[in-house]
Amino acid sequence: MTNPNLLITGATLPDGTRSDILIEGTQITAVGSGLSSAHAEKIDADGLVVLPGLVDLHTHLREPGYEQSETVLTGTQAAALGGFTSVFAMANTLPVADTAGVVEQVLRLGSEAGYATVRPIGAVTKGLEGVQLAELGAMANSRAQVRVFSDDGKCVFDPLIMRRALEYVKTFGGVIAQHAQEPRLTVDAQMNEGEVSARLGLAGWPAVAEESIIARDVLLAEHTGSRLHICHLSTAGSVDVIRWAKKRGINVTAEVTPHHLLLTDERAESYDARFKVNPPLRRQEDVLALREALADGTIDIVATDHAPHPVETKDCEWGAAAFGMVGLESALAVVHTTMVETGLIGWKDVARVLSEAPARIGGLASHGHAITPGVQAELVLVDPTTRRNFGVDDLASLSHNTPYLGVELSSQVVATIHQGYLTASNRAIVDAESVAARAQAVLRG
Amino acid sequence: MKHLLSTRDLSREEAIQLLDIAEDMAAVNEREVKKLPALRGKTVVNLFFEDSTRTRISFEAAEKRLSADVINFAAKGSSVSKGESLKDTTQTLAAMGIDAVVIRHGASGAPQVLAQSGWIDAPVINAGDGTHEHPTQALLDAFTMRKRLHGTGSRGKGLDGVKVTIVGDILHSRVARSNVWLLETLGAEVQLVAPPTLLPHAVDSWPVSVSYNLDEALASSKPDVVMMLRIQQERMHDAFFPNEREYSNLWGLTQERFLALPAKTMVMHPGPMNRGLEISSAAADSPQSTVLEQVANGVSVRMAALYMVLTGEREVTHD
């Protein structure tokens, strides 16, 4: 059985024009007005914005090893509900994704689930220990075709190892995604070091611990002529360093998370561990600098750092709690609320920072294209007028550690299309059995 | 007052009221039968996740003098990985019908988490949390200052214009934080003296003046009170200062510095003291030292805090 064709009518493209879109098989076959197709399933997109399917360069799917937090299936369901058609799965699983075997397992789980293209990220160093390079070439040459390498959660702190990694991945056009955190400056660190941490008596995570590593690494990237990506930029000073590096022609890209575009360290005043995240929430002036940098292109992409944790690791004292928050389901709404509604960027920019640029950085050829005939049908339909108080019902993740409960966010994903079939429809995910069957049908051609 | 979590939340009126009730409690403590029936039938648990014999005994004495039933719970290791969680421990106590929780915890904010959690519907008194606050210590310090300055005329008074210099490891000190907020509320002028490594990064946002030089600070401000903080052993090995001798030379209340102080200057220390490090025996054992008064007043202040959160009353009723 082949998947039915889809005809989207009256959607608003990122450039503001209204158009119909015909999808046959896995491809977009026509874009224009007055399209018709006798057998296609019709989707009325009047009033909805259509974007290329979102691509998240920074997701923690937790499988293998931490299936009580998330699995590849539930994580990609969360992705579909948030409008993502591809996610890059971070390497800090158990076992760590530092061999071809682990990355191929994650790849297989992703394609079986069928909700999104799962691209495994490989560890830079064996066991994320920062001492010995992981099998970078084996992972690159595996069926998972790994191109992004990261020890995320930990910093590649040794400058010599970082230099070697940057050089080595040039072999296969790879990129090192650095979690910039000087470990000695952040021993036991709990939150942003500043006025709030001083008052709350929580050990500080100073901005300089991020900025000094970024400064070191852009200079290493310049020296080696390598490609560097900086994960989750969180400070105004980091923006300055990246701006300087780009002006100098250094091949560096940078990401910001939705939560760093919205929330500040004052949230820690409640000692509510849902707001504990790494890098930590910063000051309002940092939030504003990050928004400006995303708007002017200094920061290339938004990535979620979706970090699911079970309830018991958050329902406790701050010091004992885990770092991280889920973000796939809320990312687009947070970007809309902080960047679009404020007039800083338009829908074309949203498509750039949440789809085109992350696909390009990650070497994901099948995603992130303008909506034109002949490209793979990876799309998301967004209702820009919805306003809602974000709630647990808005989550598909196995874990519920979102910082946005009760927060009013604007816009909502209505439907998500991956490889030509619906993964989310009517503001809810399509059931797992149908999605898996459709993914199978695609595989069989 | 439902809970006592932080001195930052206390209004001037509430703080003075608590100190005044502590005056009544101090009078009880001077009687032959040091006991009030105020909390008869109430069960108070001292939930100590961190060792502290002094503070625990002080609370226990306060609870017993108010006729409460006392349960001591020493729980070492608090995180999920180390055993029972704060949540499970608290829910267990709630199921036993505990009327109030006195908590000491190594994690900053743990008492607040407990008070907000809904795990237990009982008043919570913070007996020291991480490097956050130790409100009853600050209250007993304020009580001690007021008593020395005003004697039997203490009731109703704040600490307006009193000059207090706090010296030592401000960064890691919950005593310093609670004192800064309470002294500010009561009208005192606070000066902090420490090596820059032991001051919080954003100390300039606090309502205090700051100095790195103890001799200059003492000479220029002529403080009414000098409060020396304990230097923890673990700070010695983490590059906060070169060694004990240099710390003592630059920031200790040495005999020489002590003798240069005006005779009316109070010398305070929350205990336990490192004699010869942050404080000399000459200072600690002098009539200007309030160290033992602080211990005695601690019981009265803790009786007042328990009385306020458990009875909700603003004055002591004698029956």
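Helix H11(B) is mostly covered, with 16 of its 21 residues buried; a residue is called buried if 20 or more other C-beta atoms lie within 10 Å of its own, exposed if 12 or fewer, and partly exposed in between, with C-beta atoms placed from the backbone. Helices (H or I, at least four residues) and strands (E, at least two) are DSSP runs, numbered from the N terminus. The model is a predicted one, in which local features need pLDDT of at least 70 and side-chain atom pairs count only at pLDDT 80 or more, while totals for chains, interfaces and linings use all residues. Residues are numbered from 1 along each chain as its sequence is written, and chains are lettered from A and ligands numbered from 1 in the order in which they are written.

The largest nonpolar core holds 250 residues, of which A:Val50, A:Phe149, B:Val101 and B:Leu306 touch the most other members. H11(B) provides the largest share of this core, 11 residues. Such a core is a set of buried Ala, Val, Leu, Ile, Met, Phe, Trp, Tyr and Cys residues joined through C-beta atoms within 7 Å. Beyond its neighbours within four places in sequence, B:Val101 is in contact with B:Val45, B:Leu47, B:Leu93, B:Leu114, B:Ile120, B:Ala122 and B:Val124; contact requires C-beta atoms, placed from the backbone, to lie within 7 Å.

Between the chains, the contact takes 18 residues from chain A and 23 residues from chain B. On the chain A side, helix H5 (residues 195-200) gives the most, with three residues.

Within chain A, an automatic or database domain assignment gives domain 1 (6-49 + 375-444) and domain 2 (53-362). Their centres, taken over C-alpha atoms, are separated by 25 Å. Here 34 residues of domain 1 are in contact with 45 residues of domain 2. E17(A) supplies the largest share of the domain 1 side, seven residues.

Note on methods. Contact = placed C-beta atoms within 7 Å.
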